[in-house]
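Thanks for coming. I will walk through one structure, a few sites at a time, with the cut-offs as we reach them.

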Amino acid sequence: MIVLGIESSCDETGLAVYDSERGLLAHVLHSQIALHGEYGGVVPELASRDHVRYLLPLAEQVLQKAGISKAELEGIAYTAGPGLMGALMVGASTGRAMAMALGIPAVAVHHMEGHLLAPMLEETAPEFPFVALLVSGGHTLLAHVKGIGQYELLGESLDDAAGEAFDKTAKMLGLGYPGGPILAKMAEQGEPGIYKFPRPMCDRPGLDFSFSGLKTFSLNTWQKEVEQGNENEQTQANICRAFEEAVVDTLMIKSRRAVQQVGAKTLVIAGGVGANLRLRDSLRVMMEKEGGELFYPRIEFCTDNGAMIAYVGCLRLMSGQTEALAINVRARWPIGELDAVVSRKS
Ligand code: KG4
Ligand code: ZN
């Protein structure tokens, strides 16, 4: 089955063509970083308008890259949530309309399920069951993944998501948007061990996270340094280093606890923060010590992309799931509400 996937939940327009027999045929992406940069964060209305501008030209482009015509498409998958309502509506209404015009089925895909299963697009894919650490700009959660659509939530963030904490801390330090990658780059120049940052909620049992305190801790540390006349790039880099190490350590400690709790030998990391190299290294070392293995998608499939939506959409369409003509998108959509899928190869 050949499926066109459309991702438009936030600040990236991503399209891809996935074939159940040949794998990923092509993917294209337009990032809105330049558009939102001057505002220091995503402006929802501008995001929606930009998706409108880019979606159809990108659809033409991805089909051309895949070497197929519209008539060869057998299904359309679009992100239906969670995300920004306006942005979601653009992808969903365009995807649904395309499917109707072509007389093929459409399916609504959960954005986080896309992230969760993105490692399946790689040559060496993880096997079920596994523990997944999903860390993005909007979500931080640990799940026991028993199969497609079978996600048992083990723990989640009680306040800021890990990516959000990266973004807000970077903004406070005046580093710009998007904060995660900029802060991570800055941290490379930081000297370790200058500050003692907490590892939130690691001293008590459970698998939930809380990152908003680390953001405040960073701000207080920076303000103290400014008062003492140390307002310079090296101080910023040192704070970035301490902040990054605290987030990475916390994610590693909780992931280790989750792996031990369910007796898993496989850990999967997905979502935008999964692009963080210090986090990948820390989790790889931890899993080696646990006698298991770590899996993650290539960097470009950690952050938002159309490939993960086309892939999940293909699995769900092949299992017989389709949407009626109505267009439903959801800003919030708990991942535990998804139906299990029994995939048939075709
Ligand atoms: O998954 P994603 O593209 O979008 C959401 O679904 O939210 O994740 C974006 C998040 C942003 O918060 C961004 O700052 C963060 O992932 N991010 C990183 C890195 N690359 C992206 N955070 C830390 N280190 C990175 N290298
Ligand atoms: Zn995402």
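Predicted model: local features only at pLDDT ≥ 70, side-chain atom pairs only at ≥ 80, totals over all residues.

Residues are numbered from 1 along each chain as its sequence is written, chains are lettered from A and ligands numbered from 1 in the order in which they are written, and side-chain values use heavy atoms, with hydrogens and water left out.

First, the metal. Which residues coordinate the zinc ion (ligand 2)? They are His-111 (NE2), His-115 (NE2) and Asp-304 (OD), at 2.0 to 2.1 Å. Donors here are N, O and S atoms within 2.8 Å of the metal (3.2 Å for Na, K and Ca); water is not among the atoms, so sites may look incomplete. Along the chain the donor spacing reads H-x3-H-x188-D. His-111 and His-115 are separated by about one helical turn, because they sit 4 residues apart in helix H4 (residues 111-117). Helices are DSSP runs of H or I, at least four residues, and strands are runs of E, at least two, numbered from the N terminus. Both His-111 and His-115 are buried; buried means under 20% relative accessible area, exposed over 50%, and partly exposed in between, with a 1.4 Å probe and protein chains only.

Next, the helix pair. The axes of helix H2 (residues 44-66) and helix H3 (residues 85-102) come within 8 Å and cross at roughly 30 degrees. So H2 is roughly parallel to H3, a label for angles under 35 degrees. Axes are lines fitted to C-alpha atoms, for helices over the stretch in contact, and angles run from 0 to 180 degrees between N-to-C directions. Among the residues that meet across this pair are Leu-55 and Leu-56 in H2 and Val-90 and Thr-94 in H3, where contact means heavy atoms within 4.5 Å.

Ser-136 lies in the loop between strand S6 (130-135) and strand S7 (140-147) and counts as buried at 7%.

Pro-192, in the loop between helix H6 (179-188) and helix H7 (212-227), is partly exposed at 46%. Beyond four places in sequence, Pro-192 touches Arg-241 and Glu-245.

Note on methods: Parallel < 35°, antiparallel > 145°, perpendicular 65-115°, else oblique.
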